[in-house]
Amino acid sequence: MVLDNDGNMILTEGLVLQDEKIWKKFLGKDIIPKSNSCELYFEEQDIEAFIENLEKTYPSIQYVNRLMTNGWGQKVIRFYDLDGNLIEVGTPMQCKNSN
């Protein structure tokens, strides 16, 4: 954490998180979870073990899509966390060297 300013938290690498209360005040209405307007993305080397642990810990997890492989070879899953946020977890992206 670089700065915590009463609901606006700035983390290293330029990531900024805001409390729901900030958005409620800004929008002047309640936040609607599961809107699919954005997602949080994470990478996981051993995605099969991650899924096994996810399903064991949260057996009623609501999937958007179960494990699939994109055309470029990356394996991904998408699901809603307990607060209704859209989460994507994928295997690390491999950068191709242009040399």
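Q: Which residue in the turn between strand 6 and strand 7 has a positive phi of about 85°?
A: This is a predicted model, where local features need pLDDT of at least 70, side-chain atom pairs count only at pLDDT 80 or more, and totals for chains, interfaces and linings use all residues. Strand 6 and strand 7 form a hairpin with 5 residues between them; strands (E, at least two residues) and helices (H or I, at least four) are DSSP runs numbered from the N terminus. The residue in the turn with that positive phi is Gly84.

Q: Which residue takes a positive phi near 95° in the hairpin of strand 5 and strand 6?
A: Residues are numbered from 1 along each chain as its sequence is written, while side-chain values use heavy atoms, with hydrogens and water left out. This hairpin has 5 residues between its strands. The residue to look for is Gly73.

Q: What is the order of the 4 strands in the open sheet with mixed pairing?
A: Two strands pair if DSSP finds at least two bridges between them. The edges are strand 4 (40-43) and strand 5 (62-69), each pairing on one side only. From one strand to the next, the twist averages 15°, with axes fitted to C-alpha atoms (for helices, over the stretch in contact) and angles running from 0 to 180 degrees between N-to-C directions. The order is 4-7-6-5.

Q: Do strand 4 and strand 7 run parallel or antiparallel?
A: Strands of a sheet pair through backbone hydrogen bonds, in either sense. Here 4 bridges join strand 4 to strand 7, and Tyr41 has Glu88 in strand 7 as its bridge partner. The two strands run parallel.

Q: Which residue in strand 7 stands opposite Ile77?
A: Strand 6 and strand 7 pair in the antiparallel sense, over 5 bridges. Opposite Ile77 you will find Val89.

Q: What is the bridge partner of Met68 in strand 6?
A: Strand 5 and strand 6 (residues 75-80) run antiparallel and are joined by 5 bridges. Among the paired residues, Asn65 has Arg78 as its partner in strand 6. The partner of Met68 is Val76.

Q: Which strands does helix 2 touch as it packs on the sheet?
A: Helix 2 covers residues 47-57, and its direction makes about 20° with that of strand 6. Contact here means heavy atoms within 4.5 Å. The helix touches strand 5, strand 6 and strand 7 (86-90).

Q: Why is strand 7 largely enclosed by the rest of the structure?
A: Leu86, Glu88 and Gly90 point one way from strand 7, while Ile87 and Val89 point the other way. Buried means under 20% relative accessible area, exposed means over 50%, and partly exposed lies in between (1.4 Å probe, protein chains only). Strand 7 is enclosed because its buried residues number 5 of the 5.

Q: What is the strand order in the open sheet with antiparallel pairing?
A: Strand 1 (3-5) and strand 3 are its edges, each pairing on one side only. Neighbouring strands are turned by 10° against each other on average, direction ignored. Between strand 1 and strand 2 (residues 8-10) there are 3 bridges, and Asn5 has Asn8 as its partner in strand 2. The order is 1-2-3.

Q: Is Val16 buried or partly exposed?
A: Val16 is found in strand 3 (residues 16-18). Its relative accessible area is 46%. That value makes Val16 partly exposed.

Q: What pattern does the chain follow along the sequence?
A: The chain has 2 helices and 7 strands. Of its 99 residues, 20% count as buried. Among contacts with a separation of 6 or more, residues 24 or more positions apart account for 36%. The pattern is β-β-β-α-β-α-β-β-β.
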